[in-house]
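Q: I have a structure to go through. Can we take it piece by piece?
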Amino acid sequence: MSTLDATPQSGLATFWRLLGFLRPYRRAVAASFAFATAAMTMTVAIPWLTGRAINQINEGDSADLKTLAAAVLLAGVLRLGLTFIRRIVAGRVSLGVEYDLRSRMYRQLQSLELAFFDTEQTGQLMSRATVDLQSVRFFLGYGLIFMIQSLLTIVLASVAMLITDPLLAVISLTPVPFVILVAFRYGRRSRPALQEVQQRIAELTADVEENIGGVRVVKAFAAERRQEARFDWQVGRVFEQAMISTRLQAFYNPLIGFLPQLGLAAVLFIGGRQVINGNLTIGAFSAFYVYLLMLISPMRTFGVSLGLAQRATASGARLFQVLDREPRVTSRPDAPPLPAGRGKVEFRQATLRYPGAERDALEAIDLTVPAGRTVALVGGTGSGKSSLVQLVPRLYDVTEGAVLVDGADVRDVEVSSLRGQVAVVDDNPFLFSASIAENIAYGRPDAGDPEIRQAAERAQALSFIEELPDGMETVVGERGMTLSGGQRQRIAIARALITDPRILILDDATSSVDASTESEIKRALEEVMDGRTTFVIAHRLSTIALAEEIVLLEGGRLVAHGDHDQLLAASDLYRQIVEKGLPDQVFLTRKPAEREVAGL
Amino acid sequence: MTTAAAGRRADIQRRLKGTSGRGRKLRGLVNLIGPYRGRAALMFGALVIGVAASLAPAPLAAMAIDDGIIPGNLNALNLVVAAYLASVFIVWGSSYLQTYLVGWVGQRALQDLRRRIFRHLQDLPVGFYDSRPSGVLISRMTNDVEALNSLVTDTVITLFSATLTLLGSMVILLLLDWQLALLIFLIFPVMAVLSLAFRVASADAYRRTRETIGSLTAYLQETLSGVHVVRAFAQEPVHRARFAGINAANREANMKTVWLNASYFPAVEFVSALATVLVILFGGLQAINGNIEIGVLVGFVAALNGFFDPIGQLSQVYTTYQSGMAALDKIFELLDTEPDLTDSPDARPLPPVKGRIDFESVTFAYPSRAADGKPGAPAVSGVDLSIAPGETIALVGSTGAGKSTLAKLVARFYDPGEGAVSVDGHDLRSVTMDSLRSQMGYVPQEAYLFSGTIADNIAFGAPDATREELESAARAAGAMAFIESLPNGLDTEVGERGVQLSAGQRQLVAFARAIAADPRILVLDEATSNVDIHTELAIEEGLQRLLAGRTAIVIAHRLSTIREADRIIVLEHGKIVEQGSHDELVGAGGPYASLYHDWAQQAGT
């Protein structure tokens, strides 16, 4: 179902693209590189100076010893300064890249259309935005520097060795290309293995999320043990895959450490003979030896960094899958704002098929709603009521046909100007972890306190808000106080009201509310509907009664359209609804509705 | 001592404590590895041998020079080279073993921890979840376990191998020349002061980075959950700006740690250069005077590498160590939360239920609504109610009247504060929860489905059900009509939380799920109006079939449900104010009658 899995990309291409994140910092990267080179030169100079000192000592010459010691000290001081600057510069780059990566990911997630989020699990997206992003920034921030630094050390030490004794250098450096080859093979084999580990962890996370969300159901069916068994299975899958990658690591990593040691053995064996033959000074020999010792750690680091690089490439591929996903609902850069008007809505042969679905959710709907009119949408489950209204603020785009608001095709106007004029109140409103005031002012962050209070009052929410411990400042949402469904709905209505929209969409906004609350909400709704084009997805007769026109949908097609009496006369389905279904629903309404439901 | 100085001292102590991993945390880690102690011991054996073998090059080099090269003894040189090669092979073999075992033990321990957290979460009562946002709990299982992953697989090993290497190098230095070695050790106090200063300075800096990354993740999670609201109100720019603010705060916090690291690590390197200077000056003079052999000097310089490398490594793993320890703290805090609603030690399984339910002067207040140690207002108080086997009870009343609280007490999601709830005369606190809940069905108002197929979901309460039984449950619930219209029928994937189905369809599946479980007692929080007429009719029929022959407590909203009920209980402010059948109550002229008349007037019948 996910649309993200099917885009294979070569590892190398992904790697180059990842390096592209460093482009804005190329000067700092170059500076950091220069400082690293200078610092490394100092690091290499120290054994060279030490080697010379040992030669002097061997010759029993103590004259230059102090000078050489002072030179080592100077090299140490220079290295201290250079490394300090290098770390600050590189740290800035690394944090800058991290910042950029996060904002780019967030921007992208904020520009993708709603349909994308229908097919992607939140847990999966979170895992890409956190775990994968982490491994990419780890590599770009630290791994790459380690890699360059160790490569630099290898090159500098090799050059110093080649100058000292070319033959011995060639012999002792023979393992180096093999080390790199092995490291490369390791990377190529471990990348898919690691990618699969991350994928399985993401699946496990999704499973956890679902279990926490559905804990009441799990407990009610005493299904804890079975859910645990299912989780154990997931955990086992992670373990198996992690072991596949551990086995690769256990084979290759020690091999990468082993090969350069052969070079050291060669130095001892061949270099030792050369010293005995008088072809090599003892100082040069010991410098050689220390150089090779110095190389072991960088080669290992190089291997580890290659591992980091592989991991980052695997993660990068998963990031790019999200970043490359073209937003499908966008407006042209020069798109004009929604023209002035009072909220006339036209559907012309509007057809909608959800991605991956096998049949149309809406088939060629033709419907014109004059400005200011209230339309009730009635129909069976899956008849397309919600799909139809979601086309108006362009939460989804029509597959064929068009939707026009005040004469303009919604695809031709600037999206935010359109959505600013269309407010949606759905059946299970989401509130952010912020104060009630901020939640109400969500669509108009500049709204002042009097406006917020007025909106709350018109939504019949003010009285209960004032009873809360912190009133308007009470924090609600995921990390705040839990409100009842009815309270959340009234806040959602206030949130819609404050934007003063031309068009209002109420997706069964009075569900999950009991009777006494419902009548309050209904009063709030009437208040809100006044003077706006309103679509109501209605299940209750009392809600239908608020509408001037009724549209009956079935299987994605518009089957009847008219006022209550017309539909009673024309549609069997509607008669059935009126006669058998809905009256029960209004049972617990304490106060009689303000508007009489004529003829029901 | 002035108070300011005392305060500063307390602050430094706090920081030191915050970064140490003693006591419970380490015991917890050791406990995790406990079951695999055989392999862990083998791993440490391999580690010790590997470290010992990897220390060989420095003394071997000294031997090669002093015994082989300088005297011109080729045999001795060959012997040293052979010993050298042997040590290299030992390192190879032991690293292979160590890497493999670390991976094995570490991953096993982590998976055990994941399992333990999951089991613990499952054992915690519903009340626990009332006051905890799910994001925080999920993060225990993901971010914190991940942080621990690097602690277990990289950090602990680096910690041990670096410490061993350090100790080994010290021994070698002492053996090579104890006087020169002691001179080098003068550097220790300098290193100790440096490291301590770094630890104190960085404790708060690292904590701050963990906090900022936490708020980044939480913000991301929230805007993803509420993405439909963000889109509908076109508030993307506001969220982008806010996210940028949190993102920048995270960068600032991290920049502090960069400054600290940039000061500390180069300083360690500098100290190592200082040590080399000491060796050249003092060792050199000694060698010239003939007190030290030249090979010893070379060996000394080589061994210094093994001395300072581990110090750098130890500090490098410091960050992962700290965040790993912090994660461990949070995980244990969760694991230490005792479920306050558990089976009592002498709980018996509930025998097959006939279905009688008794409430005896039951009073209950939600702990999550308590404030300042005072319990909140009771949600139900002094409720006495007996329900006969097979009876259907409709609970009626306005929001907050206590309907769902009564229902949840029957499922033992909570224990009553006063009084008792019993089934067939067994106090619920005296029977095992498993045996109670496996004979009880619960249909919440918002039908929660799990990802998987429709069939998986229906089989949720009856894992052994055959395909035919699942189909007949779906048919009885009235769900078969829509299921058959789906291309894959019962095998249709419902998606995360059932998003691929409409609310009404989810409800029908939840009904089928309850029917398949075939409980003796059913608790049903009737959905109000998420469904349309077709589904509504299907649900009414399904509901009748679901209720037939079971003891049922229904939080009722539909008149048809209320009318069919054997008894209606009217609740107000947590108390029963009226009960009886529909006709009786309408005749009695009480609160129910006035509700009914309002309805009749509005519906115009």
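Q: Which residue is the bridge partner of Leu506(A) in S8(A)?
A: Val536(A) is the bridge partner. This is a predicted model, where local features need pLDDT of at least 70, side-chain atom pairs count only at pLDDT 80 or more, and totals for chains, interfaces and linings use all residues. Residues are numbered from 1 along each chain as its sequence is written, with chains lettered from A and ligands numbered from 1 in the order in which they are written.
Q: In which sense do strands S7 and S8 of chain A pair?
A: Parallel, over five bridges, between S7 (residues 503-507) and S8 (residues 533-537) of chain A. Strands are DSSP runs of E, at least two residues, and helices runs of H or I, at least four, numbered from the N terminus; two strands pair if DSSP finds at least two bridges between them.
Q: What is the strand order in the open sheet?
A: S6-S7-S8-S3-S9-S10 in chain A, with mixed pairing. Strands S6 (422-425) and S10 (557-562) of chain A are the edges, each pairing on one side only.
Q: New topic. How many residues of chain A are in contact with chain B?
A: 145 residues of chain A, against 138 residues of chain B; contact is C-beta atoms, placed from the backbone, within 7 Å.
Q: Which helix of chain A gives the most to that side?
A: Helix H9 (residues 224-277), with 28 residues.
Q: And what is Leu297(B) in contact with, leaving aside neighbours within four places in sequence?
A: Ile54(A) and Ile57(A), plus Val279(B), Gly283(B), Ala287(B) and Ile292(B).

How values were computed
Contact = placed C-beta atoms within 7 Å.
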